[in-house]
Amino acid sequence: FMARMETLSRDIKSQRISRDYLVCADVDIVFHSPVGVEILGDLAATIHPWFYRTGRHEFTYERRTTSQAYIPMDEGDFYYQANFFAGTLQEIYWLTKACDEAIKIDDSRGIEARFQDESHFNKYLLYHKPTRVLSLEYIWNMNLGKPSEIKSVRVIHG
């Protein structure tokens, strides 16, 4: 499984990362237009572009009750993409630590959540709401075209 949650929580705890604010982005993210302080908040998350026009019944949450990432069918506001998020060092530590612990519990039981760490990320955000939800311009996938709602694509994935 992917180890970004473990790496981030470990490095924050050991003070290898010592900043007030941390922006986490996958290596294949492309910053297409300026991104500035507008993304700052205690915890900022991006809505997954494939699911912004769908209802929760279509979200690809983990639905197996045996997984720590399990989210019931009648819960959930958004489906977040885990490849671009930000927050205070303390908030990112709590998020990554919780996800890492849940991933390890699943792993010890021979379970891998449907979308690995992203499933655990969504479970965490269900009960610890982000203080800032970033619009689609902050994590668009150009394979989807460009809807009229997006005035400027700032961050591209895929």
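Modeller: Let's start with charge: Lys and Arg count as positive and Asp and Glu as negative, while His and the chain ends are not counted. The place of a charge is taken as NZ of Lys, CZ of Arg, CG of Asp or CD of Glu. This is a predicted model, in which local features need pLDDT of at least 70 and side-chain atom pairs count only at pLDDT 80 or more, whereas totals for chains, interfaces and linings use all residues. Residues are numbered from 1 along each chain as its sequence is written, and side-chain values use heavy atoms, with hydrogens and water left out.

Colleague: How many positive and negative side chains does the chain have?

Modeller: There are 19 positive and 22 negative ones, and the centres of the two sets lie 1 Å apart.

Colleague: Thanks! Which elements does the chain run through, from the N terminus on?

Modeller: Helices (H or I, at least four residues) and strands (E, at least two) are DSSP runs, numbered from the N terminus. Here we have three helices and six strands, in the order α-β-β-β-β-α-α-β-β.

Colleague: What is the radius of gyration of the chain, and what would a compact globule have?

Modeller: The radius is taken over C-alpha atoms, and the globule rule is 2.2 Å times the number of residues to the power 0.38. For 158 residues a compact globule would have a value near 15 Å, and the chain agrees, with 15 Å. Its C-alpha atoms fill a box of roughly 45 × 40 × 25 Å along the principal axes.

Colleague: What share of the residues is buried?

Modeller: Buried means under 20% relative accessible area, exposed over 50%, and partly exposed in between, with a 1.4 Å probe and protein chains only. Buried residues make up 46% of the 158 in this chain.

Colleague: Why is helix 3 described as largely enclosed by the rest of the structure?

Modeller: Helix 3 covers residues 116-127, and nine of its 12 residues are buried, so the rest of the structure largely encloses it. Among them are Phe121, Tyr124 and Leu125. The buried residues of helix 3 pack against helix 1 (4-13), strand 3 (43-47), strand 4 (80-88) and helix 2 (89-108); contact means heavy atoms within 4.5 Å.

Colleague: And the cysteines: how many disulfides are there?

Modeller: A disulfide is a pair of cysteine sulfur atoms within 2.5 Å, and by this rule the count is zero. Cys24 is in no disulfide, as its nearest cysteine sulfur, that of Cys99, is 11 Å away.

Colleague: Are Cys24 and Cys99 buried or exposed?

Modeller: Cys24 counts as buried, at 9% relative accessibility, and Cys99 counts as buried at 1%.
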